Amino acid sequence: MDESALIRSAQKGDLDAFNRLVLAYQDMLYNTAYRVLGDPALAADATQEAFISAFNKLKSYRGGSFKAWLLRIVTNACYDELRRQKRRPQTPLAPLSENDKEMETPRWIADPTASPEAQLEKAELDRAIQNCIENLPPDFRAVVVLTEIQGLPYKEAAAALKTPLGTIRSRLARARIRLRDCLQAIRELLPAAFRLEEGSAL
Amino acid sequence: MSKKPSFRDLTQLSAYLDGELSASAQKRIKDRLARDPEFATALDDLRLSRTVLRRTPQRRAPRNFTLSPQMVAKRPPMPRLVPALNYASLAMVLLFVFSFLAPVGTGGVANQELAAAPMAMEMEEMPAPALAEEAPEMAAEPAADSAMEEEAAPAEEEAGLAERTTPLPTAEGVQAEKTDANAAVPASAMPEPEPQLLLTGYQRALVIFLGVSVFLSWALRRATIAKWRKKLS
């Protein structure tokens, strides 16, 4: 069954059809939530909330990009979470080990098929990028995640964030400049492969 | 001549990088890139950021986020009888309230008024000659009793009765006074009727049906929720 048929069935209340859409989009929504929030547990909560909200609002979906529609819902869930975070104490961004110490290479990003070195590089890159993303203001963060990480065109990102196209353009440019500065500052921490690519880009 | 790109230039460059500019704007950028090395360096910087972000590892969801019926169902579907009973209850409450406002037939207010002052109304409606006719019968009672009762009757009651009863013609004043005194005895001996709400048969039926309707709705709702929870668990 294709996506539009699944959406139509889900709109009629077919939960199984909706769950097939959930399976297709859950990685994308979780990634988006993680990049915006920076915390796996909060990202999982936001993703779950987004899917529940999407099912409840499904009748209001009037066509267009379903991916952009879902991304708008998960971004709103993330904004809600960020607002809640402001009202309560901060939680650590990386999971803690049994000794309450932050884990160097969290197991939740470890790829069992990769070598230990590759895993370490991947984790370092992930953390470096995530730190830089988290240094951006939330509105910039959402634009970067939707356009750069999820690959939405400007128009769809503008629709997803309910923001004018010009604002998306300027926020993305500002975010890229800030990220560039941030990545330069942590250059030594970046994996060798990345440094090589960086050199070639320059 | 080369100058440091402004923020507007960088925004244009960023959009150029993503192919989000119009054809004419793209041509302008290309021309400037060819002759402005600082502009080209700024483009490389933006490209680097984009490359890094696009290389960001994609995380897999830590678990499945599929929804269960319990997650999405705020309440179980209720049988059609439940809303019907609710509307019926509401209608009965309204009818009950309106029955007190109705001027004829079912008015509870009228009953209440009648119950509160039956004696006064009887006396008001009774014509003076009728009182005079009753007087000889009253006078047949022993004179001593009458005198004692006259003394015993409190002045307040006399005043109250004088207000409530219709003034009699002056010619029959004395006789009327005796009559009043005699009449005062049974009136004061009787307890004042307590003001109470008397419901008509119609109102009682409404109350009973309302009770039954509310109970049935509650029981049905409760049974449906219990069944729904059992089904989910």
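Which residue lies over the face of B:F7? The points below take this up, along with the other aromatic contacts. The model is predicted.

1. **Charges over rings.** A:R174 lies over the face of B:F7. The distance to the ring centre is 4.1 Å. A second case involves B:R59, whose charged end sits over the ring of A:Y34. Here the distance to the ring centre is 3.6 Å.

2. **Aromatic pairs overall.** Searching the whole structure gives ten aromatic pairs, counted over all chains. Two of the pairs in chain B are described next.

3. **B:F96 and B:F100.** The ring centres of B:F96 and B:F100 are 5.3 Å apart. Their planes meet at 75°, so this pair is edge-to-face; the cut-off for that class is over 60 degrees. Both residues belong to helix α5 of chain B, which covers residues 81-101. They are four residues apart, about one turn of the helix. B:F96 is partly exposed, at 22% relative accessible area.

4. **B:F215 and B:W218.** The ring centres of B:F215 and B:W218 lie 6.0 Å apart. The planes are at 40°, so the pair is classed as tilted. Both sit in helix α12 of chain B, residues 201-232. Three residues, or about one helical turn, separate them. B:F215 counts as exposed, with 52% relative accessibility. B:W218 is partly exposed, with a relative accessible area of 46%.

5. **A cluster with members from chains A and B.** One aromatic cluster is formed by A:F18, A:Y30, A:F51, A:F55 and B:F65.

How values were computed: Residues are numbered from 1 along each chain as its sequence is written. Chains are lettered from A and ligands numbered from 1 in the order in which they are written. This is a predicted model: local features need pLDDT of at least 70, side-chain atom pairs count only at pLDDT 80 or more; totals for chains, interfaces and linings use all residues. Side-chain values use heavy atoms; hydrogens and water are left out. Rings of Phe, Tyr and Trp (its six-membered ring) pair if their centres lie within 6.5 Å; planes under 30 degrees apart count as stacked, over 60 as edge-to-face and the rest as tilted. Helices (H or I, at least four residues) and strands (E, at least two) are DSSP runs, numbered from the N terminus. Buried means under 20% relative accessible area, exposed over 50%, partly exposed in between (1.4 Å probe, protein chains only). A charge sits over a ring if NZ of Lys or CZ of Arg is within 6 Å of the ring centre and within 35 degrees of the ring normal.
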